[in-house]
Amino acid sequence: MRMTTDYESVIGLEVHAQLLTRSKMFCGCPTAFGRAPNSQTCPICQGMPGVLPVINRRAIEFAIRTALALHCTVNAGCRFARKHYFYPDMPKNYQISQYEEPLAVNGWLEIEAHGTTRRIGIERLHLEEDVGKLVHEGTLETARASLVDFNRSGVPLMEIVSKPDLRSPEEAAAYLKTLRAILMYLGVCDGNMEEGSLRCDTNISLRPRGSTDYGVKVEIKNLNSFRNVQLATAYEGERQSAAIMSGQIIVQETRLWEADKGKTLSMRSKEYAHDYRYFPEPDLVPLKVEQRWVDQLRTTLPELPVARQQRFVTQYGLPAYDAELLTQSRALADYYEAAAREYPKPKIVSNWVLSELLRELPGDDEAALARCPIPPRNLARLLALIDGGTISGKIAKDVFEKMYSSGEDAETIVKREGLVQVADTGALASVVDQILAANAHAVEDWKKGKKQSLGFLVGQVMKATQGKANPAIVNQLLLEKLPKQS
Amino acid sequence: MPTIAELGARYRSGEATPTEVVESYLQRIETLDPQVRAYVTLTRESALAQAEAAGKRLKAGRPLSLLDGVPLAIKDVICTNGVRTTCASKILENFVPPYDATVMARLGAAGAVMLGKTNMDEFAMGSSTENSAFFPTRNPWDLARVPGGSSGGSAAAVAADLAAGALGSDTGGSIRQPAAFCGTVGVKPTYGRVSRYGLVAFASSLDQIGPLARTIRDAALLLQVIAGHDPLDSTSTDVPVPDYPAALGQGIQGLRVGIPSEYVIEGMDPEVGKAVSAAIEALKGLGAKTEKVSLPTTDYALAAYYLIAPAEASSNLARYDGVKYGHRAAGGKDLIQMYGRTRAEGFGPEVKRRIMLGTYALSAGYYDAYYGKAQRVRTLVRRDFQQAFERVDVLACPTTPSVAFKLGEKEDPLQMYFCDIFTIPVNLAGLPGVSLPCGFTQSGLPIGLQLIGKPFDESTLLSAAYAYEQATPWHTRAPALT
């Protein structure tokens, strides 16, 4: 059943972002992804007896920059705390996190959904360490052994908790998208949700529309894409609504989103909720954050997505839709601006980037653009070739594909493959004559007033010249040679 | 039995070589340690190799430090690269650390020789070394008695001259109390003075590594090498390390010594009280001025300690789960059972008791009443000391309310906890404390005098202790072992 209008969803998101620091949160081990198991570990991130953590200054810096971008108050002092539970992927059986005294609180970000802009509150932002990974021999159920890879253990994680301000699955997805873009602009997280550099849990409850109380909330874990966030919150909203309608009581619990089944399943209820026994981490002294440092970091903040989007509209005269897509990732926006500087017809550049380039690229993130075989300058020069009449727009698309696969520039490909547009009226006139002779019925149709015949004949000429004919000249020649319409 | 200072002088004059000295120590250990049982692991081969290397440096006139070639015993709670570090627990019985504690790296760089690792109460929890999972250590002054604890192995090794000096760790008195029981010097430095990196944690906010030695000068020589800021320990403090041995001769004329009135308690051994009073008189005779001070929250310190220390321990010991290293119980059906059985088999009763106490004190709904309140008491204890130190330079009191007791004598854990009643407040306040011999009972058991100093003022503390030591004969006595 659809959710009735009597209830509204109250949604909050907890986002975990792996920070792009070179070394781990509390030791000097590298953070690179995908290396041989346990090759990036030391006694500290393996939780050996006697080891002690030392705070990574760069991680604090990344967190402060993010806090500032999210309009948070950076606390003058914060503390790390130990969060306890037993699990083999966590070497100390406690995680060093922050609890009562987080790094930053009380921020906001603006999202666009349902055609309006809304400000969503940020409850808190804090730092913690990631856990390792379990590798099961076969499936979890049948495995005879499980192995632990601690490469990820101790990688800095930033947790950003929203206020329960989101009211629909679309808003939840928009929030995550907006937040991800900000993190990527800041260069603090690569935003890769598939590899788990960005993870999301949501809390959702229902309440009668117009009420200001909160209902019993359910936490959904394991959401690794915008789509899953939207689908899972939508599913859960409907599940809760159906339950309420049939007189059931919602229980506070943690549920797991099973993407392939398209449903949430109960993981544990409140009675089995962990008592994490938080207490201040005695191995670290309280962290003092000097206002001077915060002020200095504020000056290093880059232009953020919303500001850049607005600038793209005013500076380049782009439609809001183009500006939004182009500014989702800093790398893509940088690419666009570089190309638009070389070829100052912003809307045409935008069309090519959004349709041709994004079709070829595996994504719009930093990594994808770093590997892009067509530098912005080459795209600009390709577009300039169309303007100069050297190639047609249609040929240009073929040239673009070849540029993408070979990494060569447009001129090289056009020259080698003889793709220079035929603009010689004499040479084209004879082709036009041949086509007219071979398509007598089309000429007849034209005479009877069928205007589409012209397009058909242009197409035939283009085909005969392998697309190299200048379409404007072909058009002109045909109009001259065709009989008058009756 | 030469002191560390004397050994160094003999090495430099060529009168003795480290190899001869280490060999004679190994011989002595072979003869006497079966009675004392101070060591859990002997590192004979590496000790001889280190001695030989030290000998070459000394011969070439290029010793690494005043400790070059000096044979030491290390409490088995300090991680030693490639050498089994057990914490006297079954759960770490076969654990070989892949790294050195910072203090070991510093001793190594100074050329010191490690003879072996010493017995202790399991995970440093206890006051008699009877909580070792392997065997109890005996007091060299009376083999029927305990050496104190938890650094009982280190104290007994030093007292029996099975090492020239030793390292211990002190969370609530674990260096000073066994030093008192064994008639040696024991120094608990200011919290943050010595790096804890590589010290297997019991209670992180209280633990501190320190030296045990036969004289104050020897303790100063050892402290000199291990003290100082360590980037690997965020709780170590970047305060310059003064020249401790050089400060010893300065005398105590005009030194203000505070006598805390709360440190005379009911049930205290009268011989201890008498010896400490006489020691205070002796300090006066050396030019010190004494005055009574009050530390009113002393009564609550023990209770606060037994919430804070177990709470931290319950967290620190969570990592011993059979997954990564150490003991793993066989036959567990699933993960939870494996955890349960491993920890049931691997930990002894006192460790389990403290894990349970600590887990309870941190649980939701009890945190404020227990851990939170204990932390507030801790603040008050610290404030008491601060106020006292506005008027005096050091405090003098007994190290322990009684002398060494017999093995098996204290079966009630609470009775055992009371052994540390005079040492625990010092850890809660993070202050430096030293225990040194101040007499013997009629039955010939050592009595310890505790001096407590201001934060990072080990120099004053040690020079006061040195003045007393040099004016009294106690440090020259040795137990008769054959």
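Me: Helices are DSSP runs of H or I with at least four residues, and strands are runs of E with at least two, numbered from the N terminus. With that in place for this predicted model, where is B:Phe456 found?

Reply: B:Phe456 is in the loop of chain B between β11 (446–453) and α16 (458–471).

Me: What makes the backbone of B:Phe456 worth a remark?

Reply: Its phi is positive, about 60°, although B:Phe456 is not a glycine. Most residues other than glycine have a negative phi.

Me: Which loop holds B:Cys87, and what is its phi?

Reply: B:Cys87 lies in the loop between β2 (71–75) and α4 (102–109) of chain B. Its phi is positive as well, at about 55°, and B:Cys87 is not a glycine either.

Me: Is B:Cys87 buried or exposed, and how do you know?

Reply: Buried. There are 33 other C-beta atoms within 10 Å of B:Cys87, and 20 or more are required, so the term applies.

Me: Into which domains is chain B divided, and what separates their centres?

Reply: Domain 1 covers 4–253 and domain 2 covers 299–375. Taken over C-alpha atoms, their centres are 28 Å apart. The contact takes 20 residues from domain 1 of chain B and 18 from domain 2 of chain B. On the domain 1 side, 10 residues are nonpolar, seven polar and three charged.

Me: How many residues of chain B are in contact with chain A, and which element gives the most?

Reply: 35 residues of chain B are in contact with 25 residues of chain A. Two or more residues on the chain B side come from each of α10 (298–316), α11 (335–346) and α12 (349–362) of chain B. α10(B) gives the most, with three residues. By class, the chain B side divides into 21 nonpolar, eight polar and six charged residues.

Me: Why is chain A described as more spread out than a compact globule?

Reply: Chain A has 16 helices and 16 strands. Its radius of gyration is 29 Å, whereas the globule rule gives 23 Å for 486 residues; the value is well over the rule, so chain A is more spread out than a compact globule. Along its principal axes, the C-alpha trace of chain A spans about 90 × 55 × 55 Å.

Me: What share of chain A is buried, and what share of its contacts joins residues at least 24 apart?

Reply: Buried residues are 41% of the 486 in chain A. Among contacts between residues at least 6 apart in sequence, 69% join residues at least 24 apart.

How values were computed. Residues are numbered from 1 along each chain as its sequence is written. Chains are lettered from A and ligands numbered from 1 in the order in which they are written. This is a predicted model: local features need pLDDT of at least 70, side-chain atom pairs count only at pLDDT 80 or more; totals for chains, interfaces and linings use all residues. Domain bounds come from an automatic or database domain assignment. Two residues are in contact if their C-beta atoms, placed from the backbone, lie within 7 Å. Ala, Val, Leu, Ile, Met, Phe, Trp, Tyr, Cys and Pro count as nonpolar, Asp, Glu, Lys and Arg as charged, and the others, Gly among them, as polar. A residue is buried if 20 or more other C-beta atoms lie within 10 Å of its own, exposed if 12 or fewer, and partly exposed in between; C-beta atoms are placed from the backbone. The radius of gyration is taken over C-alpha atoms; the globule rule is 2.2 Å times the number of residues to the power 0.38.
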